[in-house]
Amino acid sequence: LYLIFAAIIMTEMRKDRSNLQTYAMIYGARLGLFCTISFLSYVLALHYSIFVFVFYIITAYIPFYSYNLAKKYRNTECEGVIGFGHACIFTISMFLFASLLVAAIQYIYFCFIDKGFLFNALQNDIEQLSKMNISYMGYTSKQITNIESQGFAAFRSITPIQLVWEILSVNFFFGVITALIVALFVQKNKK
């Protein structure tokens with residue numbers, strides 16, 4: 001599967017696609033701003049519960065928004081015709097640039113704005129759950145609390161750049177998966 005994917009990419013790279021990177025940056029910036037709103041709504045959801053709903057709606061709409069952006073690229077820049085490889089490269093590049101933009105904003109947030117708020121809010125939520133005296137998957141509440149304390153100790157030692165790198169990796173990974181699916185629907189060959 002990897003070799004087939006690499007062959008498709010190499011074929012598309014040989015074709016004259018000088019504007020692909022430029023448009024991937026432009027559309028990636030739009031997608032990145034949309035994803036930034038999703039991130040900010042998550043942070044706000046820790047204070048105001050209405051933003052949980054906003055976060056879920058925006059996050060669920062990201063694949064559809066990326067499809068709309070890729071379709072717009074196909075129709076305006078590619079004259080309505082785009083192969084799977086070209087669509088795949090474009091959407092992966094678009095997600096790469098979107099992920100980089102979101103990572104820059106997240107780095108600013110975690111370095112200068114957060115000051116441990118996100119960690120403390122998550123810790124408080126988990127402590128509230130552990131006070132409910134519930135068991136989960138055979139673990140008692142006390143065992144869950146011990147596991148949590150170990151996890152929080154490890155999480156506290158992560159620097160903002162490490163945290164942003166982890167989030168960037170996850171965002172790009174899911175972006176690639178979404179890009180492959182979007183490319184299947186965006187592709188349109190000459191008749």
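Predicted model: local features only at pLDDT ≥ 70, side-chain atom pairs only at ≥ 80, totals over all residues.
Tyrosine 56 is exposed, with a relative accessible area of 55%, where exposed means over 50% relative accessible area, buried under 20% and partly exposed in between, for a 1.4 Å probe and protein chains only.

Residues are numbered from 1 along each chain as its sequence is written, and side-chain values use heavy atoms, with hydrogens and water left out.

The protein chain has seven helices and zero strands, helices being DSSP runs of H or I with at least four residues and strands runs of E with at least two, numbered from the N terminus. Of the 191 residues in the protein chain, 34% are buried.

Two packed helices are described by the angle between their axes and the distance between the axes. Here the axes are lines fitted to C-alpha atoms over the stretch in contact, and angles run from 0 to 180 degrees between N-to-C directions.

| Helix pair | Angle | Axis distance |
|---|---|---|
| α2 (residues 20-45) and α4 (residues 84-113) | about 45° | 6 Å |
| α4 and α7 | about 155° | 8 Å |

The angle of the second pair makes α4 roughly antiparallel to α7, given that angles under 35 degrees count as roughly parallel, over 145 as roughly antiparallel, 65 to 115 as roughly perpendicular and the rest as oblique. By class, the contact of α4 with α7 has 26 nonpolar, six polar and no charged residues, where Ala, Val, Leu, Ile, Met, Phe, Trp, Tyr, Cys and Pro count as nonpolar, Asp, Glu, Lys and Arg as charged, and the others, Gly among them, as polar.

The largest pocket is lined by 26 residues, and Ser38, Thr59, Gln106, Ile167 and Asn171 lie nearest its centre. A pocket is an open set of points on a 1 Å grid over the protein atoms alone, where a 1.4 Å probe fits, with protein on both sides within 12 Å along at least five of seven lines, and lining residues have an atom within 4 Å of a point. Helix α7 gives the largest share of this lining, eight residues, and the lining as a whole divides into 18 nonpolar, seven polar and one charged.
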